[in-house]
Amino acid sequence: NNINSTAWNKIYKSSIVKRFLFPRGKTMEDIHIVYKYFSIAKKIGYLNKPLYYYFRENPNSLMTKAYYPPTINFNNRYHRYLSYKERFEFSKEKQITEVLDSCLHATIIFAYYATNAIYDSKITTPKEAIQDLENFFKKISQTPIYKKLSFRKKLLITTFLKYKPIHKFYVSKLMTKKEKLKC
């Protein structure tokens with residue numbers, strides 16, 4: 001979990017890459033796959049030296065569009081939540097217990113970010129996605145990790161589940177643009 005999920009800053013054996021293909025039609029697809037590479041690698045090395053400088057100012061870059069749209073893009077946020085949810089389920093299934101808490105915490109946070117993007121998205125949010133987020137929050141609201149979230153995050157999750165007009169009002173009218181982009 002301390003090594004980021006991007007695919008571009010790593011070197012892989014081709015035998016590992018061939019076992020798990022990148023998913024089609026998903027943004028931030030490397031989050032869906034890199035942890036699987038780590039799970040089957042026999043050796044992992046780390047070089048703490050900057051060898052690549054990432055330039056994010058290109059307005060046509062997918063990353064620029066994914067992170068800094070004029071309005072928050074729900075699909076990008078929702079896909080990120082799904083990738084972390086998948087990572088958590090994978091870790092649970094493979095019994096990789098040392099990362100379960102951090103994977104669940106990341107899933108909760110990105111689900112929270114997705115709910116905050118519902119009202120700012122230019123597209124209509126699919127009802128299935130909202131239902132999925134509701135089911136996830138209901139399921140994990142009794143976990144110890146959930147109880148460690150800040151009061152503000154728990155409040156926004158609770159209003160999302162039980163009082164959507166209040167959630168919408170807060171996210172649409174009271175949350176600052178800086179807070180929204182931080183999400």
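The loop between H2 and H3

A: Tyrosine 52 is found in the loop between H2 and H3. This is a predicted model, in which local features need pLDDT of at least 70 and side-chain atom pairs count only at pLDDT 80 or more, while totals for chains, interfaces and linings use all residues. Residues are numbered from 1 along each chain as its sequence is written, and side-chain values use heavy atoms, with hydrogens and water left out. Helices (H or I, at least four residues) and strands (E, at least two) are DSSP runs, numbered from the N terminus.

Tyrosine 52 belongs to a nonpolar patch on the surface, together with Trp8, Leu47 and Leu51. The four residues have about 500 Å² of accessible area together. Patches are built from residues with over 30% relative accessible area and no salt bridge, with like charges joined within 9 Å and nonpolar side chains (Val, Leu, Ile, Met, Phe, Trp, Tyr) within 5 Å. Accessible areas come from the Shrake-Rupley method with a 1.4 Å probe; for residues, only the protein chains shown count as cover.

Alanine 41 is found in this loop as well, which runs from H2 to helix H3 (62–67). Alanine 41 is partly exposed, with a relative accessible area of 23%; buried means under 20%, exposed over 50%, and partly exposed in between (1.4 Å probe, protein chains only). Between alanine 41 and tyrosine 12 there are 29 residues of sequence separation and 8.9 Å in space, C-alpha to C-alpha.

The side chains of lysine 36 and glutamate 86 form a salt bridge at 3.3 Å, N to O, where a salt bridge is a side-chain nitrogen of Lys or Arg within 4 Å of a carboxyl oxygen of Asp or Glu. Lysine 36 is buried at 16% relative accessible area, whereas glutamate 86 is partly exposed at 28%.

H4 carries another such pair. Lysine 92 and glutamate 89 meet in a salt bridge of 3.9 Å, N to O; both lie in H4, 3 residues apart, about one turn of the helix. Both count as partly exposed, lysine 92 at 39% relative accessible area and glutamate 89 at 33%.

The loop between H4 and H5 contains glutamine 95. Glutamine 95 is exposed, at 64% relative accessibility, and has a positive phi of about 60° although it is not a glycine. Most residues other than glycine have a negative phi.

Helix H5 (residues 100–117) has 18 residues and reaches 26 Å from its first C-alpha to its last, close to the 26 Å expected at 1.5 Å a residue. The expected span is 1.5 Å times one less than the number of residues. H5 is mostly covered, with 15 of its 18 residues buried.

H6 has 14 residues and reaches 20 Å from its first C-alpha to its last, close to the expected 20 Å. Buried residues in H6 include Ala129, Leu133, Phe136 and Phe137. Glutamate 134 is buried too, at 12% relative accessibility. Its side chain meets that of lysine 164 in a salt bridge of 2.4 Å, N to O. Lysine 164 lies in helix H9 (residues 164–174) and glutamate 134 in H6, so this pair ties together parts that are 30 residues apart in sequence. Lysine 164 is partly exposed at 27%.

For the protein as a whole, there are 10 helices and 0 strands. A search of the whole structure finds 4 salt bridges. Buried residues make up 42% of the 183 residues. Counting contacts (heavy atoms within 4.5 Å) with a separation of 6 or more, 65% are between residues 24 or more positions apart. The protein exposes about 12200 Å², of which carbon and sulfur atoms supply 57%.

Mean pLDDT, the predictor's confidence in each residue from 0 to 100, is 81, and 80% of the residues reach 70 or more. Confidence is highest in helix H6 (residues 127–140), at a mean of 94, and lowest in helix H10 (residues 177–182), at 53. Where pLDDT is low, the predicted coordinates should not be read in detail.
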